[in-house]
Amino acid sequence: MNDASITDLMHSLGRQARAAATAMARSGTAQRNAALRRLAALLRDNVGALQADNARDLERAAAGGLEGPMLDRLKLGAAAIETCALGCEQLAAMPDVIGEVSGLRQQPSGIRVGQMRVPIGVFGMIYESRPNVTIEAASLSIKSANACILRGGSEALISNTALARLVQQALEEAGLPAHAVQLVPTTDRAAVGTLIAMPQYVDVIIPRGGKGLIERISAEAKVPVIKHLDGNCHTYVDDPCDLDMALKVADNAKTQKYSPCNATESLLVARGVAAQFLPRIGAIYAAKGVEMRGCPEALALLAAVPGAQLKAAAEADWSEEYLAPVISVKVVAGLDEAIAHINRYGSHHTDAILTTDHRHAQAFLREVDSASVMVNASTRFADGFEYGLGAEIGISTDKFHARGPVGVEGLTSLKYVVLGEGEVRT
């Protein structure tokens, strides 16, 4: 396609999305919930066909050189499809926040002033690899009464097209406009450039993928962007702590899955428990093939671990998002140094403290400047589904509008409503 035809295509999608957004804003709760429940049923009814389409994407991607975590992200297994279906049902069961009025207060003038939650309108979603994001984005868009334009990665085009077809079927069967969820049908990169520069049609852009993609979108977009650049998540093992619990959580936070942005990439250990803790967690990581890049003190304590893959940490390691079986390890004096290290090197995504000291836990919660801060839990829980949001559109490390896993409320806005009985200003 040439530039003119891509522009025409994207503007057509934009006009259709804007019209659909108006219809979605008028739609009723029952209607949108019916679409979500129907989508869940369609996903379950089409598991075999969806996996067959996904296998074609996997074959093309592998032939093109995609491997490791990126290929893993592309896979759409039966369990992933079931998780998508459950997410749709969870969203359908949640209360509808659209039209909700909060904080209504009587003013001295006689007027009553409050805020009403309303849909954003149209959002554009640009994402890589993971086809399940198509369903997460679509289901959240439906629940929040928005319209969306989805642009998935070229490697997942067949899978995404099949999923989007089911979404549009569910919308139509519920009496909603099919154009409320549209998939960009071309893999041409120029389509992205047009999508992020259509403020007349698109109210917000949500990029979800690698750092390069998000940096490009943030730099070039002419509409607001909800984003996170990195997932350099920390787990801090405090003094005092329950060492057995800390082993279990630090293991899960790193090794349960290496590719997600909420996997722990940096392990901080208080000096008071380091000699007891590090050899034990080192043995677990060594058995699972995790390379440990440590400070000199950490390396000295890990040196005797059989089979340990050890390497001296460089300055860049403290900021690195590996998305791989690699973790940076640092011994710190205690809580204050851990918090300072996280706020300097972290990506403001998700950070956890493992401790038995309530005061330390409260200080960590207050002072760590991240979108999700945890006490005695794996960073892998930083996820919209796990937070009870039904699904997530992504993670935001911004501080305005939406922060952390972005669910239904993150796709809405508040407007002031004023109720009067003929009052005039004097």
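Strand 9 (291–294) and strand 11 (326–332) pair in the parallel sense over four bridges; two strands pair if DSSP finds at least two bridges between them. Methionine 292 stands opposite isoleucine 327 in strand 11. Strand 11 also pairs with strand 8 (264–270), again in the parallel sense, over five bridges, and there alanine 270 stands opposite valine 332. Strands (E, at least two residues) and helices (H or I, at least four) are DSSP runs numbered from the N terminus.

The model is predicted: local features need pLDDT of at least 70, side-chain atom pairs count only at pLDDT 80 or more, and totals for chains, interfaces and linings use all residues. Residues are numbered from 1 along each chain as its sequence is written, and side-chain values use heavy atoms, with hydrogens and water left out.

Seven of the seven residues of strand 11 are buried, so the strand is largely enclosed by the rest of the structure. Buried means under 20% relative accessible area, exposed over 50%, and partly exposed in between (1.4 Å probe, protein chains only). Both faces of strand 11 are covered, with Val326, Ser328, Lys330 and Val332 on one side and Ile327, Val329 and Val331 on the other.

The whole sheet is open and parallel, with seven strands in the order 10-9-11-8-7-12-13. Strand 10 (309–312) and strand 13 (372–375) are the edges; each has a single partner strand, so one side of each is left without a neighbour in the sheet. The twist averages 20° from one strand to the next. Strand 7 (residues 233–237) and strand 12 (residues 350–354) are joined over four bridges in the parallel sense, and histidine 234 has aspartate 351 in strand 12 as its bridge partner. Helix 11 (residues 271–287) packs on the sheet and touches strand 7, strand 8, strand 9 and strand 11; contact means heavy atoms within 4.5 Å. The direction of helix 11 makes about 145° with that of strand 8. Axes are lines fitted to C-alpha atoms, for helices over the stretch in contact, and angles run from 0 to 180 degrees between N-to-C directions.

| Space | Volume | Lining residues by class |
|---|---|---|
| Largest cavity | about 50 Å³ | three nonpolar, six polar, one charged |
| Second largest pocket | about 290 Å³ | six nonpolar, five polar, five charged |

The lining of the largest cavity includes Arg151, Gly153, Leu183 and Thr187. Of the 16 residues that line the second largest pocket, the closest to its centre are Glu128, Arg151, Gly153, Arg189 and Leu213. Strand 3 (122–127) and helix 9 (211–220) are the elements that give two or more residues to this pocket lining, and helix 9 gives the most, with three.

Asparagine 343 lies in helix 13 (residues 335–345) and is partly exposed, with a relative accessible area of 29%. Not counting residues up to four places away in sequence, asparagine 343 touches His348, Glu367, Val368 and Asp369. Cysteine 241 is 102 residues from asparagine 343 in sequence and 22 Å from it in space, C-alpha to C-alpha.

Conventions. 1 Å grid on protein atoms, 1.4 Å probe; cavity = no way out; pocket = protein on both sides within 12 Å on 5 of 7 lines; lining within 4 Å. Points joined across faces, edges and corners; volume = space filled by probe spheres on them. Nonpolar A, V, L, I, M, F, W, Y, C, P; charged D, E, K, R; others polar.
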